[in-house]
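Notebook open, structure loaded. I'll jot down what I look up as I go.

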Amino acid sequence: MTRTVKTLLLILLGAVAISGCRLVDEDLFDCETEYTIDYELRMVTNMSTEISTQLSLATDIQIAQSLRTYLDGVFTDYAHDVDLGFYDVVRDDAVGDSLRLFHETHVMDASQSSYTLYIPIRDYMHLAVANIEDNGQVLLENGGTCHAARLNQPVRDTVESHRTGIFTARLPMYIIPGVSQTFDVDLYMANCASAIVIDTVGSQVRDLQVYATGFATGFNICDSTYLYPYTPVVRADRVTGTEAGTVCFAAVTFPSRDPERVDTKVVIETDDPFISGGGNGTLWRYSVYSTMEDGTVTETILGVSTPLRAGQLKIITAKALPNGAVQPGDPTVGVSVTLDWEPGSQHEIEL
């Protein structure tokens, strides 16, 4: 499903004065020509379809609403903050990359806003990031150089979920002096979410702890590629209350590895972008730790062989058994169970 809200940011590209422009480049003779950049947040997601499909029973209404509320700030067409970088198109020999020539950040807090920026007329590579300020986990790093600029998570064994949906864009801007030009910049979502819904009725489960793993830790903005230097564990948030019955946990992360999209995994197409044939092994997984009435812990690892892509929501439904094991409703999800689990135990995932 696609939701699009146009976010118009008007940027006038020029110089503050003719004399200042001459100091940059004597050939830039028309320094006050106006240029317009139109920014559009394009929300390509399957969230509504996935929730209505996986949580269709009357007993799922509360779970579905709680999950929607949790994801309101993630799958959104609303931009709170924007970071705008304009880079040289020529690499600097000293750093081996193109330098950022101009940089601005704005708190937008609206679906439409206008900004005026005065910069010399020349060719640029433009990078834009939206909704990074309140994310809580992801930082913009190396913003001073074009190809090294990236979104990155802290290096820790266990991390928290992202708190916002992050949008990015990149666009070469070839400026023609003396000609009025308009540039369209489409920002697409760079992160995604997953959830597990567990029916605990009839089990002896006293408490549940859920973690997810198998996702990227960073994102190269200019190249639109994800980074997998290591695999952190993401602590899933409990979406529903603590009452017995059906409970839901969710995690907002970068995408998993995707064998079908080696070069880039930012989703820009709108026709069935999340359909995948799946792979031959686990791409990402959920680990569920069920604390039983007698104090023992049962570990269930659920391995998923289909990729989790940018903008996508994937819901796994499952049933907690009397011994604390969690049985998924999807037979393609691999299951590995360890009864009386203790930290440090090792095992292989059974698919």
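Is Ser98 buried or exposed? Ser98 counts as buried, at 3% relative accessibility. My cut-offs: buried is under 20% relative accessible area, exposed is over 50%, and partly exposed is in between (1.4 Å probe, protein chains only).

Ground rules before going on. This is a predicted model, where local features need pLDDT of at least 70 and side-chain atom pairs count only at pLDDT 80 or more, while totals for chains, interfaces and linings use all residues. Residues are numbered from 1 along each chain as its sequence is written, and side-chain values use heavy atoms, with hydrogens and water left out.

**Entry: Ser98**

I find Ser98 in the loop between strand S3 (79-87) and strand S4 (100-110). Helices (H or I, at least four residues) and strands (E, at least two) are DSSP runs, numbered from the N terminus. I looked up its contacts (heavy atoms within 4.5 Å). Leaving aside neighbours within four places in sequence, the contacts of Ser98 include Tyr87, Asp88, Gly144 and His147. Gly144 is 46 residues away along the chain, with 8.6 Å between the two C-alpha atoms. The side chain of Ser98 also reaches the backbone oxygen of Asp88 at 3.3 Å.

**Entry: salt bridges**

I searched the whole structure and got eight salt bridges. The criterion is a side-chain nitrogen of Lys or Arg within 4 Å of a carboxyl oxygen of Asp or Glu.

Asp88 turns up again here, in a salt bridge with Arg122 (3.5 Å, N to O). This pair links distant parts of the chain, 34 residues apart: Asp88 is in the loop between S3 and S4, Arg122 in the loop between S4 and strand S5 (124-130). Asp88 is buried at 16% relative accessibility, and Arg122 is partly exposed at 29%.

Arg309 lies in the loop between strand S19 (297-304) and S20, and Asp258 in the loop between S17 and S18, so the pair ties together parts 51 residues apart in sequence. Arg309 meets Glu260 at 2.9 Å, N to O. I noted burial too: Arg309 is buried at 1%, Asp258 is buried at 6%, and Glu260 is partly exposed at 44%. The backbone nitrogen of Glu260 also lies 3.0 Å from a polar atom of the Asp258 side chain.

**Entry: helix H3**

In H3 (residues 61-71) I marked Ile63, Ala64, Leu67 and Leu71 as buried. They sit on the same side of H3, because they cover an arc of only 100° around the axis (the arc of the directions from the helix axis to the C-beta atoms). The face turned away from that buried side carries the exposed Ile61 and Gln62. The buried residues of H3 pack against helix H2 (47-54) and strands S11 (192-199), S17 (246-253) and S20 (313-320).

**Entry: strands**

I traced an open sheet of four strands, order S6-S7-S13-S14, with antiparallel pairing. Two strands pair if DSSP finds at least two bridges between them. The edge strands, each pairing on one side only, are S6 (139-141) and S14 (225-227). S7 (residues 150-152) and S13 (residues 218-220) pair over three bridges, and Asn152 has Gly218 as its partner in S13.

Elsewhere, S12 (residues 205-213) runs antiparallel to S18, joined by eight bridges, with Asp207 opposite Thr291.

Key: A polar contact is a pair of N or O atoms within 3.5 Å; within protein, one must be able to donate a hydrogen and the other to accept it, and residues adjacent in sequence count only if both atoms are side-chain atoms.
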